[in-house]
Amino acid sequence: MTPAHRHAPELRAAARRLGRRRFLMTGTGAAAALAFSVGLPVAGVAGAAELDARRIATDPFTLGVASGDPRPDGVLLWTRLAPSPYQADSGLPASRVSVQWELAHDAAFTRLAASGQTDAHPEFHHSVRVDVPGLEPGRVYHYRFRAGTWISPVGRTRTAPAPGAEVGRMKLAAVSCQAYHDGYFTAYGHLAREDVDVVLHLGDYLYEYAVTATGGARAYTDRTLPAHYNREAVTLEDYRLRYGLYKTDPDLARAHAAHPFVVTWDDHETENNYAGDIPENDVPPEEFLLRRASAYRAYWENQPLRTPQRPTGPDMRLYRRLDFGRLARFDILDTRQYRSDQAYGDGWQLPGPESEDPARTMTGATQERWLLDGWRASTATWNVVPQQVTFARRRDRATAGYQVSMDAWDGYPASRRRLLDGAGAAGIRNLMVLTGDVHTAYAYDLKQDWDDPDSRTLGTEIVATSISSGKDGTPRPANWATLLGANPHMRFYQGQRGYVTVELSAEQARADFRAVAAVTTPGAPVTTVGSFVTEAGNPGLRPV
């Protein structure tokens, strides 16, 4: 970490006084100093002077628009004003800006459903979020923003079905892992044209790693990225700038404008393989908590998330629940913020007493209890769990001495068993886990006994490959045959970039794995490389 990346010494001292687990447990002076370090107003929103939006000389909507977390009666709309997204201040002074918004039944905005005004505050990096209430369930809407004479791109969103509604079908897409420096977001351009109800982002929306002047594997010849991207993101300014880079990608912007997103994070939004308040590298705990607070703050500012998700220091309640009538319940998990440290120093290791300790947790006790309680109350046909890391057992070989990933649920088998047992006790018949992280597409049956292929199948796991991370990939990675042979419950394995769509109905779920041949060059076509169904009430994947 270079001096330019370090937090100010007085802020690090404030964090040290507040202790390892929480920022805001002691004196208000230290709390105020630490709040300032991540740009958080100590009490409400600071009274910044107002900038006349008519004085904004260049387009402030360079980062596009987004919507998220659809409910039956509302949806969250988002944008961020950034005339110069590659600058630390995004090209705006530290003044609030009045922004108008409109939501309509049609793309021409001839039939308005709602409209209003809100302020973009400098404390939140001029991000804008509007939680629109009073909408009709199961309806498509169009929205846009206005600042001065500037009008944003038009976004399209939809509300969830009414509570308890008998829904014939719904279609979701799952995406993950979009390293800017590894290639183009071509898959998003194709996803923008798909007919889906919602997009679930399963983590690694951005990477903290350096991006060169030519965009890494993108190998730009028509532009030069600023030098401040060619370093690891550590501070709030670093993370904010990184979102400014990512969100200027046109394919990502098209996908956000086309569909509502439901987002959760993994590790790279903060730091590779961190676990709770334990960093990857040996840095002082107060410095990592400052980094985590900065990363969480920038994440909330740049995602279509509601106010209850707004972080307090290094803490952010991201796990939450969405229902789509009686057809599907989505329990969105956070498997980073509350987990035990990875066993045996992380990586692929031989499982043993340390990893199998029943006290270890992937979710933390509170989130685990929330999930199990939700399952007991659920009346949905499908109970879907969007989360981050591989849930099924995944051995690296079939022979004795096999290893498993200590960062995945294999490193937390007791935590996994508690969830599977809890699903069974709650009578959950159609459990589906959605996963990202691994830059490959997998499909698994979730077994009662991983060592017995004939044991009962408890549910399914669908793993979305990466949008760009891992560069181009290959249809059959080098360990393709080995992994399939070592894991009989693994039904599919494919190593190219792309996404997965899942169509749910009362009778079955169908997963279609979509892949692009290349991301290091733009414009690759998309193809379906695998399709599977699992019947409602009879879990188990079969190819179609």
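**Exercise 1. Two residues with positive phi**

Classify H439 by its relative accessible area, then locate the residue among the secondary-structure elements and describe its phi.

Solution. 
Step 1. H439 is partly exposed, because its relative accessible area is 23% and the class runs between the limits for buried (under 20%) and exposed (over 50%), with a 1.4 Å probe and protein chains only. The model is predicted: local features require pLDDT of at least 70 and side-chain atom pairs pLDDT 80 or more, while totals for chains, interfaces and linings use all residues. Residues are numbered from 1 along each chain as its sequence is written, and side-chain values use heavy atoms, without hydrogens and water.
Step 2. H439 lies in the loop between β18 and β19 (441–447); such elements are DSSP runs numbered from the N terminus, helices (H or I) having at least four residues and strands (E) at least two.
Step 3. The phi of H439 is positive, about 65 degrees, although the residue is not a glycine.

Carry out the analysis for C177, giving its phi, its location and its burial class.

Solution. 
Step 1. C177, also a residue other than glycine, has a positive phi near 60 degrees.
Step 2. The loop between β10 and α3 holds C177.
Step 3. With a relative accessible area of 0%, C177 is buried.

**Exercise 2. Helix α5**

Describe how α5 is capped at its N-terminal end, which of its residues are buried, and what covers those residues.

Solution. 
Step 1. D249 provides the N-terminal cap: one of its side-chain oxygens lies 3.0 Å from the backbone nitrogen of D251.
Step 2. D251, L252, A255, H256, A257 and A258 of α5 are buried.
Step 3. The cover over these residues includes β2 (65–71), β7 (140–147), β9 (155–158), α3, α4 and β12.

**Exercise 3. Nonpolar cores**

How many residues does the largest nonpolar core have, and which have the most contacts inside it?

Solution. 
Step 1. A nonpolar core joins buried Ala, Val, Leu, Ile, Met, Phe, Trp, Tyr and Cys residues through side-chain atoms within 4.5 Å.
Step 2. The largest such core has 48 residues, with Y180, Y188, Y299 and M316 making the most contacts inside it. At least two residues of this core come from each of β10 (169–175), α3 (186–191), α4 (236–246), α5 (250–258), β12 (261–263) and α6 (285–301).
Step 3. Y188 touches V175, Q178, H201, D251, L252, A255, F261 and I467, leaving out residues up to four places away in sequence.
Step 4. A second, separate core of 32 residues includes L327, I332, W382 and L434.

**Exercise 4. Cavities**

How many cavities of 30 Å³ or more are there, and which residues line the largest cavity?

Solution. 
Step 1. A cavity is a set of points, on a 1 Å grid over the protein atoms alone, where a 1.4 Å probe fits but cannot get out; lining residues have an atom within 4 Å of a point. Points are joined across faces, edges and corners, and the volume is the space filled by probe spheres set on them.
Step 2. The count is two cavities of 30 Å³ or more, and the largest cavity holds about 50 Å³.
Step 3. L333, L371, W375, V385, Q387, F391, W409, L419, L431 and V433 line the largest cavity. α7 (365–377) and β18 (431–435) are the elements giving two or more residues to this lining.
Step 4. The lining has nine nonpolar residues, one polar and no charged, where Ala, Val, Leu, Ile, Met, Phe, Trp, Tyr, Cys and Pro count as nonpolar, Asp, Glu, Lys and Arg as charged, and the others, Gly among them, as polar.

How values were computed: 1 Å grid on protein atoms, 1.4 Å probe; cavity = no way out; pocket = protein on both sides within 12 Å on 5 of 7 lines; lining within 4 Å. Contact = heavy atoms within 4.5 Å. Polar contact = N/O pair within 3.5 Å; in protein donor to acceptor, adjacent residues only side chain to side chain.
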